[in-house]
Amino acid sequence: MSDKTVGLWLYKNGGGDKIQQTLVNKLKDRNINTITDINLRGAIAKNEHILYNDIKLDELDLFFSYNAGEQTQYQMYLYKALDHVIPMINTFKALELTEDKFHTSFLLRQQGVQTADYKLCHRDDTHHLKSIMEQWDKMVYKPTDGWGGVGLTKIENQETLDMLMPFLNQIDLRYFYVEKFINYDNTDYRIDIVDGKFIACYGRKANKNSWKTNITSGGSVFLREPNDELVNLAIKAAKITGLDIAGIDILYDKVKEEYIVLEVNGIPAFATPQQEKLGLDFNEKKISAIVDLIDRKVNKK
Ligand SMILES: Nc1ncnc2c1ncn2[C@@H]1O[C@H](COP(=O)(O)OP(=O)(O)OP(=O)(O)O)[C@@H](O)[C@H]1O
Ligand SMILES: [Mg+2]
């Protein structure tokens with residue numbers, strides 16, 4: 001079988017450089033060549049080609065992009081173009097979908113997957129927010145394209161909402177997305193899925209002064225076993241969103257007495273060296289699953 005070439009763009013911090021090296025080696029073992037560090041920020045499109053230095057990216061057998069921290073609009077624009085002509089992991093469509101919290105929740109709910117109850121309304125329909133508040137008691141305002149818990153605001157009463165409104169009106173928003181505040185034990189499950197298969201599960205616990213489990217909000221990671229219900233829920237969410245590689249965040253809603261999918265991530269991080277010391281030992285398994293996936297996609301007729 002003739003040699004194939006895959007372009008890579010992976011994050012380097014938190015042990016990412018080591019992950020990349022392992023991936024490159026494992027692909028080499030399968031006669032798959034790699035070109036690393038293809039940052040679309042430096043690429044240009046020229047007629048029928050997308051060029052990165054002298055490399056015609058449109059002639060690669062696949063492009064694997066895994067760098068959440070450095071994804072800009074320009075890169076996404078080229079990502080979309082490349083996706084029309086070569087296999088991408090993840091696909092542009094799935095990545096774009098899951099970068100948007102509303103679109104993701106909407107699709108999941110359509111397909112019968114429980115999420116946080118939410119509402120979306122036009123920025124001028126602020127009277128809706130007031131009536132929602134009366135029904136829900138507590139809610140969370142979320143930027144639909146946010147990350148790391150930034151901009152999430154818990155609204156606990158009408159006064160907080162009244163205080164927040166002038167601020168929200170100042171920023172250039174087209175709409176409001178709010179979720180009902182979920183009564184949960186301040187821990188979550190993160191389940192990693194690759195190619196429809198379960199890879200790993202761990203938990204995150206919010207800092208005692210916070211209701212957010214994000215590490216950037218002071219949360220911490222801990223070892224946690226999943227059950228079949230959780231694994232099946234994560235596999236279903238990955239399938240619905242179309243992500244080849246997915247990290248599904250799940251909470252147990254104490255009021256509904258069921259698990260709900262809080263978020264689906266298209267670039268879930270590998271375990272950092274520090275987390276590996278804690279016992280999160282899924283990196284090898286995850287890399288192997290990604291190698292199998294790439295192998296299958298590049299050798300598909
Ligand atoms: N509706 C909710 N009710 C209660 N807690 C919530 C709710 N939504 C979010 N949280 C808490 O806030 C944290 C961050 O929320 P979310 O994951 O939606 O946004 P984000 O972390 O900013 O996005 P990303 O994970 O893409 O970086 C969650 O991990 C959870 O602990
Ligand atoms: Mg999150």
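Entry 1. I began with the handedness of a helix pair and noted that α5 passes α6 in a right-handed crossing, where right-handed means that the near helix is turned clockwise from the far one by less than a right angle, and left-handed that it is turned anticlockwise. Helices here are DSSP runs of H or I with at least four residues, strands are runs of E with at least two, and both are numbered from the N terminus. The model is a predicted one, in which local features need pLDDT of at least 70 and side-chain atom pairs count only at pLDDT 80 or more, while totals for chains, interfaces and linings use all residues. Residues are numbered from 1 along each chain as its sequence is written, and chains are lettered from A and ligands numbered from 1 in the order in which they are written.

Entry 2. For the geometry of this pair I found that helix α5 (residues 126-136) and helix α6 (residues 158-170) pack at about 160°, with axes 10 Å apart; axes are lines fitted to C-alpha atoms over the stretch in contact, and angles run from 0 to 180 degrees between N-to-C directions. The angle makes α5 roughly antiparallel to α6, given that over 145 degrees counts as roughly antiparallel, under 35 as roughly parallel, 65 to 115 as roughly perpendicular and the rest as oblique. I listed T126, L129, K130 and M133 of α5 as meeting Q158, L161 and M165 of α6, contact being C-beta atoms, placed from the backbone, within 7 Å.
By class, this contact has four nonpolar, two polar and one charged residues, with Ala, Val, Leu, Ile, Met, Phe, Trp, Tyr, Cys and Pro taken as nonpolar, Asp, Glu, Lys and Arg as charged, and the others, Gly among them, as polar.

Entry 3. I then turned to helix α1 (residues 16-28) and helix α9 (residues 283-298), whose axes come within 10 Å and cross at roughly 45°. That angle makes α1 oblique to α9.

Entry 4. I looked up the domain assignment, whose bounds come from an automatic or database source, and it gives domain 1 (4-90 + 289-298), domain 2 (118-180) and domain 3 (184-266).

Entry 5. Around ligand 1 I found 22 residues, the closest being W147, E179, I182, K212 and T213, where a residue is near if its C-beta atom, placed from the backbone, lies within 6 Å. Domains 2 and 3 both give residues to this shell, so ligand 1 lies between them.

How values were computed
Contact = placed C-beta atoms within 7 Å.
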